[in-house]
Amino acid sequence: MSNIAKIIRQYREDHNLTQQELALKLRIGTKKIEKYESGESVTDTQTILRLSTALDIPASEFLKDSPIGNAPGVDEDIKKLIEEIGTKKAELILRTAKDFSEEKILNVMHALYKTQA
C-alpha cells in the first residue's frame with residue numbers, strides 16, 4: 001500500500017467517513033476510493049486537491065514521507081513541480097490551492113501556461 005493510500009484511508013477513518021460517503025463528497029464512484037486506498041489506482045493532481053478539501057488536510061500531506069524520485073501513487077505533474085521548485089515551495093502552493101475551486105485552479109493554470117509561451 002502506498003503512502004498516499006494509507007493517508008487517504010487514515011484521514012477518511014479519522015473523519016468517520018465510509019468509502020461511499022467520501023466518494024459522494026468527491027463525486028466519484030466508491031470503487032475508485034477502494035482502488036485509491038488499496039494502491040491499485042494512482043490519484044492525479046486534481047483528485048489530490050479534491051481529497052485535501054474533502055478531508056480538510058493540506059494537499060502537501062499526501063507528499064509527506066514520500067521519496068520524490070519514484071514515489072508510487074504521486075501524480076507525475078506533482079513530481080515535476082517538486083523537482084522544479086523544491087519541496088517547501090510545492091507544499092506552500094498545495095496548501096494554498098487546497099481552498100481553490102476547480103474553476104480558479106484552471107484559471108491559474110491557464111495564466112501560468114500563457115506566461116510560459
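Predicted model: local features only at pLDDT ≥ 70, side-chain atom pairs only at ≥ 80, totals over all residues.
Biologist: Among the elements of the protein chain, which has the highest mean pLDDT?

Modeller: The secondary structure of the protein chain comes to seven helices and zero strands, so that, read along the sequence, the pattern is α-α-α-α-α-α-α, with helices defined as DSSP runs. Among these elements, α7 has the lowest mean pLDDT, at 71, whereas the highest, 94, belongs to α2.

Biologist: Which residues of helix α2 are buried, and why do they lie on the same side of α2?

Modeller: Helix α2 spans residues 19–26, and its buried residues are Gln19, Leu22, Ala23 and Leu26. Because they cover an arc of only 100 degrees around the axis, they are put on the same side of α2. An α-helix has 3.6 residues a turn, so residues three or four places apart point the same way. The reason asked for is therefore the arc of only 100 degrees.

Biologist: Against which helices do the buried residues of α2 pack?

Modeller: The other side of α2 carries the exposed residues Gln20, Leu24 and Lys25, and after the helix comes Arg27, whose phi is positive, near 60 degrees. The buried residues of α2, for their part, pack against α1 (3–14), α3 (30–38) and α4 (45–55).

Biologist: Which helix gives the most to the lining of the second largest pocket?

Modeller: About 250 Å³ of space lies in the second largest pocket, which is lined by 15 residues, with Leu49, Arg50, Thr53, Phe100 and Glu102 nearest its centre. At least two residues of this lining come from each of α2, α4 and α7 (102–116). With five residues, the helix that gives the most is α4.

Biologist: How many residues of the lining of the second largest pocket are charged?

Modeller: Glu102 and Arg50 are among the lining residues nearest the centre of the second largest pocket, and Glu and Arg count as charged. The lining as a whole divides into six nonpolar residues and three polar ones, while the number of charged residues is six.

Terms used. Residues numbered from 1 in each chain as written. Heavy atoms only, no water. Buried < 20%, exposed > 50% of the residue type's maximum accessible area, 1.4 Å probe, protein only. Helix = DSSP H or I, 4+ residues; strand = E, 2+ residues; numbered from the N terminus. Arc of directions from axis to C-beta. Contact = heavy atoms within 4.5 Å. 1 Å grid on protein atoms, 1.4 Å probe; cavity = no way out; pocket = protein on both sides within 12 Å on 5 of 7 lines; lining within 4 Å. Points joined across faces, edges and corners; volume = space filled by probe spheres on them. pLDDT = per-residue confidence, 0-100.
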